[in-house]
Amino acid sequence: MLSVQEVSRSFGGVYAVRDVSLDIADGEVRGVIGPNGAGKSTLFHLITGHLATDRGAISLRSANVDRLPPHRRAALGMSIVFQGARVFRGMTVRENVMVGAHSRTRAGFVSAALRLPRHRRDEREIARRADEALARVGLTAWADRQAGLLPLGQQRSMQVARALCAEPRLLLLDEPASGLRAGEREALAVLIEELRAAGLTIMLIEHDVAFVTRLADRITVLDLGRVIAEGTPGEIRADPLVVSAYLGE
Ligand code: ADP
Ligand code: MG
């Protein structure tokens, strides 16, 4: 589904991501973990196209994408939930989700956020897809309510619904569990399990190792911009390099 080959990116001469390679299979849930500053979000933005690589290659279903802008990658099936993704608080939950259907076009996201008029039929079709996405994340009852009123856990589900509205093959999540309470975390984990069961490929970036360990087929560990380990959750938990990166030894 996704292949990242020896990708690097530096800021002011300092590498944030250095020679990172990873391959995610169709239907896999891949966890990416690492301490703060490890380069997780930078890698995420290199994959989505919100940051340009200095070196290396990225391909999605065998198509080279590393020079394509984000909306072209989205059109090929990549959909994202940013770390701390924003909520349009004054809009309804359905409207927030509908914004996601436009991530595949360059002007789409902006005009959707500004609620510029569009063709009626397109609008109805997008609303239908938004309602489908809301049903998948269990937010049907909230569709017409103001997004700013949602508790944080449901706001995250809404972000996932927004990403699903673009009908992706690969869903990329950057720290979706951060700041959530235990019960909200559990609900999010169940949702990710359901999406995986439905055949979606997922890359899950997390600071919380326990959350990823439960959900991922394989885990890639970053530290100081490099991959220091990759394996099944069991292998990763037993890896002394991983333990020392987390304990700062
Ligand atoms: P993580 O998501 O794992 O916490 P990041 O990818 O956000 O890590 O950051 C990795 C490193 O790159 C950090 O040292 C950070 O300060 C640096 N960095 C990230 N983005 C930028 C940027 N836009 N400009 C300068 N430095 C950056
Ligand atoms: Mg980050």
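Analyst: Happy to! Let's begin at one spot: E167 is found in the loop between α6 and β7 (170-174). Keep in mind that this is a predicted model.

User: What is phi for E167?
Analyst: Phi of E167 is near 55°, a positive value in a residue other than glycine. Most residues other than glycine have a negative phi.

User: Which other residue has a positive phi although it is not a glycine?
Analyst: E175 has one, at about 50°. You'll find E175 in the loop between β7 and α7. E175 counts as buried, because it has 20 C-beta neighbours inside 10 Å.

User: Let's go back to α6. How many residues does α6 have?
Analyst: Helix α6 covers residues 152-164, so to speak from end to end, and has 13 residues. From its first C-alpha to its last, α6 reaches 19 Å, close to the 18 Å expected at 1.5 Å a residue.

User: Is α6 mostly covered or mostly exposed?
Analyst: Mostly covered: eleven of the 13 residues of α6 are buried. Among them are Q154, R156, M158, V160 and L164.

User: Okay, zooming out. How many helices and strands are there in the protein chain?
Analyst: The protein chain has ten helices and ten strands. The radius of gyration is 18 Å, close to the 18 Å that the globule rule gives for 249 residues, so the chain is as compact as a globular protein of that length. Along its principal axes, the C-alpha trace spans about 55 × 40 × 30 Å.

User: What share of the residues counts as buried?
Analyst: Of the 249 residues, 41% count as buried. As for contacts between residues at least 6 apart in sequence, 67% join residues at least 24 apart.

User: Which domains does the assignment give?
Analyst: The assignment gives domain 1 (1-77 + 168-249) and domain 2 (85-167). Their centres, taken over C-alpha atoms, are separated by 24 Å.

User: How many residues of each domain are in contact with the other?
Analyst: Twelve residues of domain 1 are in contact with 13 residues of domain 2. On the domain 1 side, α2 (70-75) and α7 (182-197) each supply at least two of the touching residues. α7 gives the most, with four residues. By class, the domain 1 side divides into nine nonpolar, two polar and one charged.

User: Where is A75?
Analyst: A75 is in helix α2. A75 counts as partly exposed, with 13 C-beta neighbours inside 10 Å. A75 and P168 are 93 residues apart along the chain, and their C-alpha atoms are separated by 8.5 Å.

User: What about S79, where does that lie?
Analyst: S79 lies in strand β6 (residues 78-81). S79 is buried, with 24 other C-beta atoms within 10 Å.

User: Which residues is S79 in contact with, leaving aside its neighbours within four places in sequence?
Analyst: With those neighbours left aside, S79 is in contact with A74, A163, A166, P168 and L171. One of these, A163, is also a buried residue of α6.

User: New topic: the ligand. Which residues surround ligand 1?
Analyst: Ligand 1 is surrounded by F11, A16, G34, N36, G37, A38, G39, K40, S41 and T42. By class, the shell has three nonpolar, six polar and one charged residues.

User: Which helix gives the largest share of that shell?
Analyst: Helix α1 (residues 40-48) does, with three residues.

Key: Residues are numbered from 1 along each chain as its sequence is written. Chains are lettered from A and ligands numbered from 1 in the order in which they are written. This is a predicted model: local features need pLDDT of at least 70, side-chain atom pairs count only at pLDDT 80 or more; totals for chains, interfaces and linings use all residues. The radius of gyration is taken over C-alpha atoms; the globule rule is 2.2 Å times the number of residues to the power 0.38. A residue is buried if 20 or more other C-beta atoms lie within 10 Å of its own, exposed if 12 or fewer, and partly exposed in between; C-beta atoms are placed from the backbone. Two residues are in contact if their C-beta atoms, placed from the backbone, lie within 7 Å. Domain bounds come from an automatic or database domain assignment. Ala, Val, Leu, Ile, Met, Phe, Trp, Tyr, Cys and Pro count as nonpolar, Asp, Glu, Lys and Arg as charged, and the others, Gly among them, as polar. A residue is near a molecule or strand if its C-beta atom, placed from the backbone, lies within 6 Å of it. The expected span of a helix is 1.5 Å times one less than its number of residues.
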